[in-house]
Amino acid sequence: MRRADFEWRVPADHPAFAGHFPGRPIIPGVVLLDRALLCAEAFLGTPAIVWQIAHSKFFSPVGPGETLVFQLQAAAGGSIAFSVRGGGREVAAGSLKPGR
């Protein structure tokens, strides 16, 4: 099966940190999903707009300046399994499927 890793350093000034949450900024899960979609676009050369999020799970918060690794693997039926790791821990996981 095809597999690829993509690294992303979370910018300390990412606009999602404004108000999410004061005193302990964490990146919202939707930002991680957006990044997974962009990685899928690079992985298969298919525009991110044609992908749907089949499922996702979030395990650990992500703060400013963290380096994350998005690991994507082609799966059956044209779907993509993804996992996100950072700082030696699993941050999130899920799968993407082709849209209709």
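**Exercise 1. Determine how the span of H1 compares with the expected value, and which of its residues are buried.**

*Solution.* H1 has 16 residues and covers 23 Å from its first C-alpha to its last, close to the 22 Å expected at 1.5 Å a residue, where the expected span is 1.5 Å times one less than the number of residues. Helices (H or I, at least four residues) and strands (E, at least two) are DSSP runs, numbered from the N terminus. The model is a predicted one, in which local features need pLDDT of at least 70 and side-chain atom pairs count only at pLDDT 80 or more, whereas totals for chains, interfaces and linings use all residues. Residues are numbered from 1 along each chain as its sequence is written, and side-chain values use heavy atoms, with hydrogens and water left out.

The next step is burial, where buried means under 20% relative accessible area, exposed over 50%, and partly exposed in between (1.4 Å probe, protein chains only). In H1 the buried residues are Val31, Leu32, Leu33, Ala36, Leu37, Cys39, Ala40 and Phe43. An α-helix has 3.6 residues a turn, so residues three or four places apart point the same way. The buried residues of H1 pack against S1, strand S2 (51–58), strand S3 (67–74), strand S4 (80–86) and strand S5 (89–98), a contact being heavy atoms within 4.5 Å. Just after H1, Gly45 adopts a positive phi of about 70°.

**Exercise 2. Work out the strand order of the sheet, and explain why one side of S1 and of S2 is left without a neighbour.**

*Solution.* Begin with the chain, which has one helix and five strands, its elements running β-α-β-β-β-β from the N terminus on. The five strands form an open sheet in the order S1-S3-S4-S5-S2, with antiparallel pairing; two strands pair if DSSP finds at least two bridges between them. S1 and S2 stand at the edges with a single partner strand each, so one side of each has no neighbour in the sheet. From one strand to the next, the twist averages 20°.

Now take the pairs in turn. S1 and S3 run antiparallel and are joined by seven bridges, and Ala4 has Leu72 as its bridge partner in S3. S3 and S4 are likewise antiparallel over seven bridges, with Leu68 opposite Gly86 in S4; they form a hairpin with five residues between them, and Gly77 in the turn has a positive phi of about 75°. S4 and S5, also antiparallel, are joined by seven bridges, with Arg85 opposite Glu90 in S5; their hairpin has two residues between the strands, and Gly87 in the turn has a positive phi of about 60°. S4 is mostly covered, since five of its seven residues are buried.

Finally, place the helix: H1 lies across S1, S2, S3, S4 and S5 and runs at about 50° to S3, with axes being lines fitted to C-alpha atoms, for helices over the stretch in contact, and angles running from 0 to 180 degrees between N-to-C directions.

**Exercise 3. Locate His14 and identify the residues that it touches.**

*Solution.* His14 lies in the loop between strand S1 (3–9) and helix H1 (29–44). Not counting residues up to four places away in sequence, His14 touches Trp8, Ile27 and Val31. Val31 is among the buried residues of H1.
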